[in-house]
Amino acid sequence: MARPQVKPTGVECPFGEDELIVSKTNLKGHITYANDVFIRLSKYPRNEVIGAPHSMIRHPDMPRTIFKLLWDTIQEKKEIFAYVVNMASDGDHYWVFAHVTPTLDAQRNVLGFHSNRRKPTPTQLAKIEPLYAQIREEENRHRNAKDGMMSGYAMLMDMLKKQGLGYDEFIFSV
């Protein structure tokens, strides 16, 4: 189903520090499970969420670079933590600190993906938002979206290298 064009409102959807957003997807990123917190924050009816691409909640301010890093990591059967801004069906947004893992069978074949998300602190967002703005600026300098994503990725990796940090070290230092 094509997502209607929704513009960001700049309004944040409130959710509690004790709440956990949970979703599961198949190998193609289509939602197979979403808990009640996911449904409430996304503002989509459950019947429109199940079977839909997880990208239905993608906020246009979210750097493509971070999704490249996420997909590359989980395709390697590894877990990843990332800050993500999502967009509800009405254009409101909510920031999350996501833990995404592949779901493996007994032979270590990837069956799908599982994500738990918590509310980040204002201090964490104060560090992440300027970085994401820099990455988006780099991505947007390129006419071709893939070239922009690759350039943003190279910029992020170079920044981490100059700081002497791996991605995991960086993300937990935020």
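## Basis of the model

Residues are numbered from 1 along each chain as its sequence is written, and side-chain values use heavy atoms, with hydrogens and water left out. Because the model is predicted, local features need pLDDT of at least 70 and side-chain atom pairs count only at pLDDT 80 or more, while totals for chains, interfaces and linings use all residues.

## Overall fold

The protein chain holds six helices and five strands, where helices (H or I, at least four residues) and strands (E, at least two) are DSSP runs numbered from the N terminus. Their order along the sequence is β-β-α-α-α-β-β-β-α-α-α. The radius of gyration, taken over C-alpha atoms, is 16 Å, close to the 16 Å that the globule rule gives for 174 residues, so the protein chain is as compact as a globular protein of that length; the rule is 2.2 Å times the number of residues to the power 0.38.

Of the 174 residues, 44% count as buried, meaning under 20% relative accessible area with a 1.4 Å probe, protein chains only.

## Helix α3

Helix α3 (residues 64-75) has twelve residues and reaches 16 Å from its first C-alpha to its last, close to the 16 Å expected at 1.5 Å a residue, a span defined as 1.5 Å times one less than the number of residues. Its buried residues include Ile-66, Phe-67, Leu-69 and Leu-70.

The buried residues of α3 pack against β3 (80-87), β4 (93-104), β5 (110-118), α4 (122-140), α5 (145-162) and α6 (167-173), with contact meaning heavy atoms within 4.5 Å. Just after α3, Lys-77 takes a positive phi of about 65°.

How values were computed: Buried < 20%, exposed > 50% of the residue type's maximum accessible area, 1.4 Å probe, protein only.
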